[in-house]
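Here is a friendly walk through one structure, with the sequence and model to follow along. Keep the viewer open and pick out the residues as they come up.

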Amino acid sequence: MISEFSQCSCTVAALPNGLAVALFLLGCASAQTTSTACVGQPQYTFVAHETDCWRYYTCVNEQAFPQECPEPFIFVQATQMCDFGDRNACVNCPATGIQNLPVRGSCTKFIQCIEGTQFPRECPPGTQFDIGTGQCNIASIVGCVDLDCPAVDDPQNPVIKPDPINCRVYFICIGGEGIQQLCPIGTRFNPTLQVCDLEANVVCPATVSVV
């Protein structure tokens with residue numbers, strides 16, 4: 001169903017040199033969704049999307065109307081506007097408190113949320129972000145495989161990453177995360193050709209498992 005509330009009015013704040021700083025949202029709405037994000041929210045409030053930080057909802061009569069910030073902006077709940085941000089480090093910070101959240105596709109990067117505002121952080125060398133504790137921990141204890149998958153997919157050019165430990169394993173990047181795949185017995189993943197290839201055609205580093 002398409003609502004009659006479909007007008008969009010936005011302005012852009014700029015520095016003296018003309019560079020855009022933030023896209024202020026004054027009221028945009030399009031197709032209504034079944035999301036319950038706006039239930040109990042004040043009229044014309046902007047609410048963060050459940051998973052994607054560049055998306056948000058305009059709340060009209062407690063109904064959610066999906067919107068997207070133009071690139072390279074992300075939606076910031078605390079300020080109710082689209083602002084510059086790293087879409088690969090995409091999280092929705094809670095409005096209050098301090099919390100560390102993982103960055104999808106990264107073992108060392110995390111976002112520190114302070115009163116609704118996000119600050120990109122990275123663990124020191126030799127450590128990785130531990131989702132269980134919300135802190136940096138020794139890499140061998142965390143055991144994360146850092147694939148550095150892009151947050152936004154390109155269906156025409158899918159990103160495929162080799163496993164750094166097992167030559168038969170590779171990952172297809174989808175939505176910022178690596179989906180594990182396994183080459184058939186007798187083959188190994190060929191990073192150059194981006195396919196499973198005969199073992200004789202793929203040389204694995206000495207430190208990499210081929211089981």
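Cys136 has a relative accessibility of 31%, so Cys136 counts as partly exposed; the label covers values between buried, under 20% relative accessible area, and exposed, over 50%, with a 1.4 Å probe and protein chains only. Cys123 and Cys136 form a disulfide with sulfur atoms 2.1 Å apart, where a disulfide is a pair of cysteine sulfur atoms within 2.5 Å. Cys123 lies in the loop between strand S10 (117–122) and strand S11 (127–130) and Cys136 in strand S12 (residues 135–138), so this link ties together parts that are 13 residues apart in sequence. Strands here are DSSP runs (E, at least two residues), numbered from the N terminus. The angle about the S-S bond is -85°, and the link of Cys123 and Cys136 is left-handed.

A word on the model itself: this is a predicted model, where local features need pLDDT of at least 70 and side-chain atom pairs count only at pLDDT 80 or more, while totals for chains, interfaces and linings use all residues. Residues are numbered from 1 along each chain as its sequence is written, and side-chain values use heavy atoms, with hydrogens and water left out.

## The other disulfides

How many disulfides are there by this rule? The count comes to five. One of them joins Cys38 and Cys59, with sulfur atoms 2.0 Å apart. Cys38 sits in the loop between strand S2 (20–28) and S3 and Cys59 in strand S4 (residues 55–60), so the pair ties together parts 21 residues apart in sequence. Both cysteines, Cys38 and Cys59, are buried, and their link is left-handed, with -80° about the S-S bond.

Cys167 and Cys204 form a disulfide too, their sulfur atoms 1.8 Å apart. Cys167 is found in the loop between strand S13 (160–162) and strand S14 (169–174) and Cys204 in the segment after strand S17 (195–198), so parts that are 37 residues apart in sequence are tied together. Cys167 and Cys204 are both buried.

## A buried arginine

Arg168 also belongs to the loop between S13 and S14. Arg168 is buried yet has no salt bridge, and the nearest side chain of opposite charge, Glu199, is 6.4 Å away. A salt bridge needs a side-chain nitrogen of Lys or Arg within 4 Å of a carboxyl oxygen of Asp or Glu. What does lie 2.7 Å from a polar atom of the Arg168 side chain? The backbone oxygen of Cys183 does.

## Core and rings

The largest nonpolar core has seven residues: Phe46, Ala48, Tyr56, Cys69, Phe73, Phe75 and Cys82. Such a core is a set of buried Ala, Val, Leu, Ile, Met, Phe, Trp, Tyr and Cys residues joined through side-chain atoms within 4.5 Å. Strand S3 (46–48) and strand S6 (73–76) each supply at least two residues of this core. Apart from it lies another core of six residues, including Val47, Tyr57, Cys59 and Ala64.

The whole structure holds four aromatic pairs, meaning rings of Phe, Tyr and Trp (its six-membered ring) with centres within 6.5 Å; planes under 30 degrees apart count as stacked, over 60 as edge-to-face and the rest as tilted. The rings of Phe46 and Tyr56 have centres 6.0 Å apart and planes at 85°, so the pair is edge-to-face. Phe46 in strand S3 and Tyr56 in strand S4 are ten residues apart. Tyr56 and Phe75 are stacked, at 5.0 Å centre to centre and 20° between the planes.

Key:
Helices (H or I, at least four residues) and strands (E, at least two) are DSSP runs, numbered from the N terminus. Lys and Arg count as positive and Asp and Glu as negative; His and the chain ends are not counted. A polar contact is a pair of N or O atoms within 3.5 Å; within protein, one must be able to donate a hydrogen and the other to accept it, and residues adjacent in sequence count only if both atoms are side-chain atoms.
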